[in-house]
Amino acid sequence: ASTASMASQYSSDRIISLCHGTTDDSGYAIIKVMDAFYLSTYVTASSFVPLIACAIVKFSLQNGICPESAVSFAVIALFGIFLQEDYSGGKYWSDVARKIVKSHPNKDKNSEIRVELLLHLNFDIYFMSPRNISSKLINSYHDAMQLGHVDSAMLSLVNAWKFRLLGGHNLSMILQSFDDRVKLVAKHGKFSTSPALDSILLMELTGKSIDCFSVFGDSICSWDDLKSEAESSHNSYWLYQFHIYKMLAAYWRGDYMEAEEHFFAALACPNAKMPQLPSIYHTFFGGLIALQLY
């Protein structure tokens, strides 16, 4: 609240003007360190994420804004919706974050990609269709590949197809290019769980067999393998998505009792309340399941 109060004293034009000021080397180094610490806490869904983001915003307003500051302004937008349901305020701060990376004299394309990724995956879901976001993620993929930032590129590509799958894109069109995408992503092991989830859900929805598991070394071939992978790696994010996908598959099979079981299992995951595309389907299908069981 104190950060929001402090930041609200600055107009967007005033904040952008701070981008053109001078940030001394020590101040810039402090922001870089805090930004790196923020990234590790975000990946682990730590409760320290908003605290570190607030610290970076305060420090930036007091000492000058650098491109790395923009991610924390994006987090302020995200938690404005998540904690306060302030959609207009969240939209305002997301616009500020985007202006920072686009208008900063020391433009950093990597910071811009990170900001856009964060907003596309966790914020724009309230304002854009999944198909629209998917197209923007494909653009981020190409931008990141040109810069040689493979992790950001793969994260963009993986989620672009997830948004297409969950957003109602034609399943036959997804199947046509699915094999090539899986092979590309499989080269980077840390992202293999997502296309494996997509593969199994696609098979459930289409009734067609997808021969893609060999690219994962046949370590993931079933729902049980996916669950074991998530549990052994202590990855609550993947475990949450596993239950969401199982819920969707069970619902479309007409097994509403199993769908309800996975609805509540997903609800118990630490990531359940975080803004993300699966959480929207979690809520929506939870209502449909309750209606079917009524």
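Modeller: Happy to! This is a predicted model, and the protein exposes about 13900 Å², with carbon and sulfur atoms supplying 55% of that area. Its secondary structure comes to 15 helices and zero strands.

Colleague: Why is His-262 called buried?

Modeller: Buried means under 20% relative accessible area. His-262 has 8%, so the residue counts as buried. His-262 is found in helix α14 and touches Phe-242, His-243, Lys-246 and Met-247, leaving aside residues up to four places away in sequence.

Colleague: What makes Lys-162 and Asp-198 a salt bridge?

Modeller: The cut-off is 4 Å between a side-chain nitrogen of Lys or Arg and a carboxyl oxygen of Asp or Glu. The closest N and O atoms of Lys-162 and Asp-198 are 3.2 Å apart, so the pair qualifies. Lys-162 lies in helix α9 and Asp-198 in helix α11, so the pair ties together parts that are 36 residues apart in sequence. Both residues are buried.

Colleague: How do you know that Glu-204 and Arg-253 meet in a salt bridge?

Modeller: By the 4 Å limit again: their N to O distance is 3.4 Å, so they pass. Arg-253 also forms a salt bridge with Glu-258, at 2.8 Å. Glu-204, Lys-246, Arg-253 and Glu-258 are linked in a network of salt bridges.

How values were computed: Residues are numbered from 1 along each chain as its sequence is written. This is a predicted model: local features need pLDDT of at least 70, side-chain atom pairs count only at pLDDT 80 or more; totals for chains, interfaces and linings use all residues. Side-chain values use heavy atoms; hydrogens and water are left out. Helices (H or I, at least four residues) and strands (E, at least two) are DSSP runs, numbered from the N terminus. Buried means under 20% relative accessible area, exposed over 50%, partly exposed in between (1.4 Å probe, protein chains only). Contact means heavy atoms within 4.5 Å. Accessible areas come from the Shrake-Rupley method with a 1.4 Å probe; for residues, only the protein chains shown count as cover.
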